[in-house]
Amino acid sequence: MREWWGHCKTEWRLSVRGAHLWLLLFVGATHAWLVHSLNKDWKHFGYYIHQFEFLFLGALAILAVLSGVYSARRDRANGVEQLMGSIPYSSVSRWSAKFIVFTIPFLLFAIAPVVIYLWGWKTRFPDASLYPALFLLSMIVPMLYAGMLGWFLGVLLNNRFGYFLGFLLFFLHIYGGMLMIVPNLPKAARLLPNFLLLDYKSMSYFDDQWGFSHDLSFWMHRGFYFFLAGTLFFLFILAAASRRKERGIRVHRTAAFLCLMAAVVCLISHVAIKSGQKEIGSSMAPLSAADFAALYDTEVVVVKPVIDYELAIEPLGGENVRIKATLLNPDALEPANSTVSLLLNPLFEVETVKADEKILTFQRNDNRLDIELPEALSKGTALTVLYKGKIKDHHTTSDGLMTPIHAANKWKVNLPADFEWYPQAANGHSGPRSVTVTYPEPIRLFSNFDRLERAVEAKQQVVRFQSKDARGFSLWGGALKEIAVSSDGFHTKAVVNELVDDEYARKQVNIFHHANRMMEELYQPESMTPAAALLLRDWIQSGVRGSYLTPAGYFQMQGYLFNGLYSDEEAVKRIISCLVASYELFSGPLGEENESIFLGALSAYLEQQLDGEGYQFSASSAGMEGVEPLIAYIKAHGKEQNERLLRDLYNELRNNESAVPDIAALLQKAR
């Protein structure tokens, strides 16, 4: 240990005396400032730190490779080996010390995002999880590998070809594997190139809604490159020790072999896990216009809230979950005979069904569960269904990464009502009135229902929810928080990532809230509900850029709306477009010009309502050619005249969706 420490001090003194270290630090600091300047306006701190990590460290990783080549060639050019040849030392001690000192600036670069996140956590988000700091800290591994790869190439090659080869290998690590991700290949063949990319995976391991991934394959990826770097290091030590005829060569050979085997195990385990997961959807190709339109063409299930549930959820690991669902008042289902019919996702295997303590017989047919009730089912008798299953449906992103669609584990819960994860009435009109959920701590649970109370009992949280509208019960959990706005009998809430700026998120929720209320006042859509729940969707993970109303009754909103990408005007337009399509105000798609006219008029009216509430709307109507007279009229007149104009415009478009309305005639009529 004393010898190793002595080598460290010597290498450090030599390093600080040269210009190489200070040049690296200057380049790194300058690059950090440039990246921060590009991303400082993001309102989602998690998205900011994710972008900073990728843009900052991704570029500096190539610098680590080239610096490794340079440092190895510099020692050879300076004749260090000849000078040290007659001095007794251990190759492991000397070269490990030298490599550690060489990587110090790159390790400082790697922990820069961690420091930024901890600062944000301390000053802005004290209730947020510390897991992102651990996630970001893992970037040390690719940096170590990049430096070791460059060093290894610099030792192997005597000329400047090492720089070219280092750059080429880095390019293949970052982009080359992407060329091999072909949709027609088998799943394993598609997943391998992505896994071998140096750090492109980080771009798909962040989700606007769920934050940084807990996926085991991410840590296998980090383990793979850690052990690969170890393999290169011990191969280098083996070569150096062999030249000096040192003892312990067998130990170095064994260490290199074990590191290589560990890397192979990480690779094989990743493929084995992903091969066992089921692909439900794929965004290997962008959605067509017809595919996107189909998202809106879904029937939202409207139910009468009459059933009281108790749901005890037990994550079992490996995507398995066991659920004990108790219907406290099954008589509310009004069974026509001795059989009650429920809907339950066929991926769940029903273990037992009981009425109080009496075991009942049942039959399964796809997602239908028919239960034979006892002849004398007294009022107040509870019906309990115990079932378990593996939630393994996954979505393949455009870069070949498989991400879970639904989940129920210790760090994430995504169980929408239309997933049929709890027994639902097959009659189609009876739904949950209240739901009491039992789930292991410490994950935070949210729903489209109102959360009434939360208690903790023996490391289990018991949360009681109550229906706010005639929708099914959806449950979400993770690094999330809830932003709610209520007024005039309307209620809007968004369940967003815990690192979204509170003030900005509230502004976006307020826009949606007023837009939803405006739709009710103007057009009274049939599928309208005064209570709206919003959940963000990451377009990279899903392949869907727009926002829409889901069959479960909540709105999937574009994640960028809460990231700060759009101006207030653009946010208003996109939210109104979502509501117009979701509520199916028109029987078919409007033409481009008519859509511009209708959305422009509604946006101007909503902006007038929001004026003075902290929003910044520009006076221009760029991109609204032909709509200026409507916008000017709306800004100059009051609520009554504007509502009359907007109803007349709607009736004109609904009666003839292809014909461009006579705006002058509409304005004359409104006056």
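Tutor: Bearing in mind that this is a predicted model, begin with helix α13 (residues 502-523) and helix α15 (residues 568-582), which pack with their axes 10 Å apart and at an angle of about 45°.

Student: Why is α13 called oblique to α15?

Tutor: Angles under 35 degrees would count as roughly parallel and those from 65 to 115 as roughly perpendicular; the angle here is about 45°, and therefore α13 is oblique to α15. The crossing in which α13 passes α15 is right-handed.

Student: Which residues make the contact, and how is it divided by class?

Tutor: From α13 come K507, Q508, I511, F512, A515, N516, M518 and M519, and from α15 come D568, A571, V572, I575, I576, L579 and V580. By class, this contact of α13 with α15 has 11 nonpolar, 2 polar and 2 charged residues.

Student: What makes α18 oblique to α19?

Tutor: The axes of helix α18 (residues 639-655) and helix α19 (residues 663-670) come within 9 Å and cross at roughly 140°. Only an angle over 145 degrees would count as roughly antiparallel, while the roughly perpendicular range is 65 to 115, so α18 is oblique to α19. Here, too, the helices pass in a right-handed crossing. The contact is made by R644, L645, D648, L649 and E652 of α18 together with L666, L667, K669 and A670 of α19, and by class it has 5 nonpolar, no polar and 4 charged residues.

Student: Which residues touch the most other members of the largest nonpolar core?

Tutor: They are M519, F555, I576, F598 and L602, in a core of 121 residues. Helix α3 (residues 45-77) gives this core its largest share, 13 residues. As for F555, leaving aside residues up to four places away in sequence, its contacts include F512, A532, L534, Y548, C578 and Y583. There is also a second, separate core of 53 residues, with L344, F348, F446 and F473 among them.

Student: Why does D356 count as partly exposed, whereas K459 is called exposed?

Tutor: Buried means under 20% relative accessible area and exposed means over 50%; D356 has a relative accessibility of 43% and therefore counts as partly exposed. K459 has a relative accessible area of 70%, so K459 is exposed.

Student: What can be said about phi in D356 and K459, and where do they lie?

Tutor: D356 has a positive phi of about 55° although it is not a glycine, and its place is in the loop between β7 (348-355) and β8 (358-359). K459 is likewise a residue other than glycine with a positive phi, near 65°, and lies in the loop between β19 (450-457) and β20 (460-466).

Student: How do you know that the peptide bond from E441 to P442 is cis?

Tutor: Its omega is near 0°. P442 has its place in the loop between β17 (430-440) and β18 (444-447).

Student: And for the protein chain, how many helices and strands are there, and what percentage of the residues is buried?

Tutor: The protein chain has 19 helices and 26 strands, and buried residues make up 52% of its 671 residues. Among contacts between residues at least 6 apart in sequence, 72% join residues at least 24 apart.

Note on methods: Residues numbered from 1 in each chain as written. Predicted model: local features only at pLDDT ≥ 70, side-chain atom pairs only at ≥ 80, totals over all residues. Heavy atoms only, no water. Axes fitted to C-alpha atoms, helices over the stretch in contact; angles between N-to-C directions. Helix = DSSP H or I, 4+ residues; strand = E, 2+ residues; numbered from the N terminus. Left-handed = near helix turned anticlockwise from the far one by under 90°. Contact = heavy atoms within 4.5 Å. Nonpolar A, V, L, I, M, F, W, Y, C, P; charged D, E, K, R; others polar. Core = buried A, V, L, I, M, F, W, Y, C linked by side-chain atoms within 4.5 Å. Buried < 20%, exposed > 50% of the residue type's maximum accessible area, 1.4 Å probe, protein only.
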